[in-house]
Amino acid sequence: DAVERGEYRHYMQKEIFEQPHAVSNTLEARIGASGVLPNIFGVGGDELLEKVKGVHIIACGTSYHAGMVAKYWIEDYARLPVSVEVASEYRYRESVVPEGTLFIAISQSGETADTLAAMRESRRRGYLGTLAICNVPESSVVREADLKLMTRAGPEIGVASTKAFTTQLAALALLTLHLARQRNLDEARHADLCAQLHRLPRALEEALKLEPQIIELSERFVHRHHALFLGRGAHYPVALEGSLKLKEISYIHAEAYPAGELKHGPLALVDEDMPVVAVAPNGPLLDKLKSNLQEVRARGGELIVFADSAAYIDDNATRGSILRIDAGGDFIAPAVFTVPLQLLAYHVAVLRGTDVDQPRNLAKSVTVE
Ligand code: G6P
């Protein structure tokens, strides 16, 4: 065990640090200088994807959050309607499946009972085809899907998923680019997105260098009972994933909101005992997010802002902590901003002395309902 963990104290920490490599493996031989290579989804994949008119994504836990990011991407760049649903809900209701809809199951293990059952149920509902995005090639989800794109994260031991998530994002980014190009995304924008994806492993590596600052920051969470995470756009699911990590391993109650919803409820909870973590990449929504942060500040809330190094955020305006991250571009930013949130959850849990790799009551793979 100690040999496998090497210099790291826990598998989770090791797996967080493996992300640049795991993501680079997932992209390897699948994207070239001018775009996604042919047939990366399996035999007949490109022809089937050509016919897609809409997408339904089904998953659980962290994999569900990856699906939520993909909704923003696919709708933005490929202009296809996407719905995302947790598998345990999907399987027990009669969803409407418009003609030409692709069913996508996202799963690290490929054995999650709800996801597998949802996929089997989808067969009855008349989809164009099924695509599995999965980390285990011999798993049931992969065996039963028409098309597959494997994440190449390698074995993930820590119960709280880390490298599986960022490799799922890499796989979903490939799918987005493929669908977008088939549907005539502007050539210059396509080239920019490809270049960003090529930069992703390097950007993740840079983000990992924030660890010493995050260790310092984590001290401010040790005695807290609650935390609020905010994001906008594709960073709302990133905020959800950050809050899930904190819950799972530190047992601090955490919730995530799309920042614009703050005024519709969660603001009532904000006081000096409530740390508020904001994911604030550069982009058209940054000004709106800043005004959301002012609302938190006005209520005495303690702000921790993960900001793009390219973005202008006045330290005075937040009166908290700002950690600067080079996101490497708007497309890949959700994957890059995930890293500091994973590190935060990890170091808070270490300080609280919890069993990081085996949190109470949770299982790595939930194979019963
Ligand atoms: C469990 C794990 C989570 C995981 C979820 C879905 O709850 O603890 O980390 O995200 O299952 O697992 P899957 O293997 O389907 O991605």
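Here are some friendly notes on this predicted model, point by point.

1. **Ground rules.** Residue numbers start from 1 along each chain, following the sequence as written. Because the model is predicted, local features need pLDDT of at least 70 and side-chain atom pairs count only at pLDDT 80 or more, while totals for chains, interfaces and linings use all residues.

2. **The ligand shell.** Have a look at the ligand: 16 residues surround it, and the closest are G61, T62, S107, S109 and T112 (a residue is near a molecule if its C-beta atom, placed from the backbone, lies within 6 Å of it). Helix α5, residues 61-78, gives the most to this shell, with three residues (helices, H or I of at least four residues, and strands, E of at least two, are DSSP runs numbered from the N terminus). By type, the shell divides into five nonpolar residues, 10 polar and one charged. Here Ala, Val, Leu, Ile, Met, Phe, Trp, Tyr, Cys and Pro count as nonpolar, Asp, Glu, Lys and Arg as charged, and the others, Gly among them, as polar.

3. **A β-α-β unit.** Strands β8 (226-231) and β9 (253-258) pair in the parallel sense over six bridges (pairing requires at least two DSSP bridges between the strands). The chain passes from β8 through helix α12 (235-250) to β9, and the crossover is right-handed, that is, with the strands pointing away from the viewer, the path from the first strand over the helix to the second runs clockwise. Within the pair, A227 stands opposite A254 of β9.

4. **Helix α13.** This helix covers residues 286-298 and reaches 18 Å from its first C-alpha to its last, close to the 18 Å expected (1.5 Å times one less than the number of residues). Its buried residues are L289, K290, N292, L293 and V296; buried means 20 or more other C-beta atoms within 10 Å of a residue's own, exposed 12 or fewer, and partly exposed in between, with C-beta atoms placed from the backbone. Seen down the axis, these buried residues fall within an arc of 160 degrees, so they line one face of α13 (the arc is that of the directions from the helix axis to the C-beta atoms). The face turned away from them carries exposed D287, S291 and A298. Just after α13, G300 takes a positive phi of about 80 degrees.

5. **Two backbone angles to check.** Most residues other than glycine have a negative phi. A29, in the loop between α3 and β1, has a positive phi of about 60 degrees. N361, in the segment after α15, has a positive phi of about 70 degrees. A29 counts as exposed, with 8 C-beta neighbours inside 10 Å; N361 is exposed with 6.
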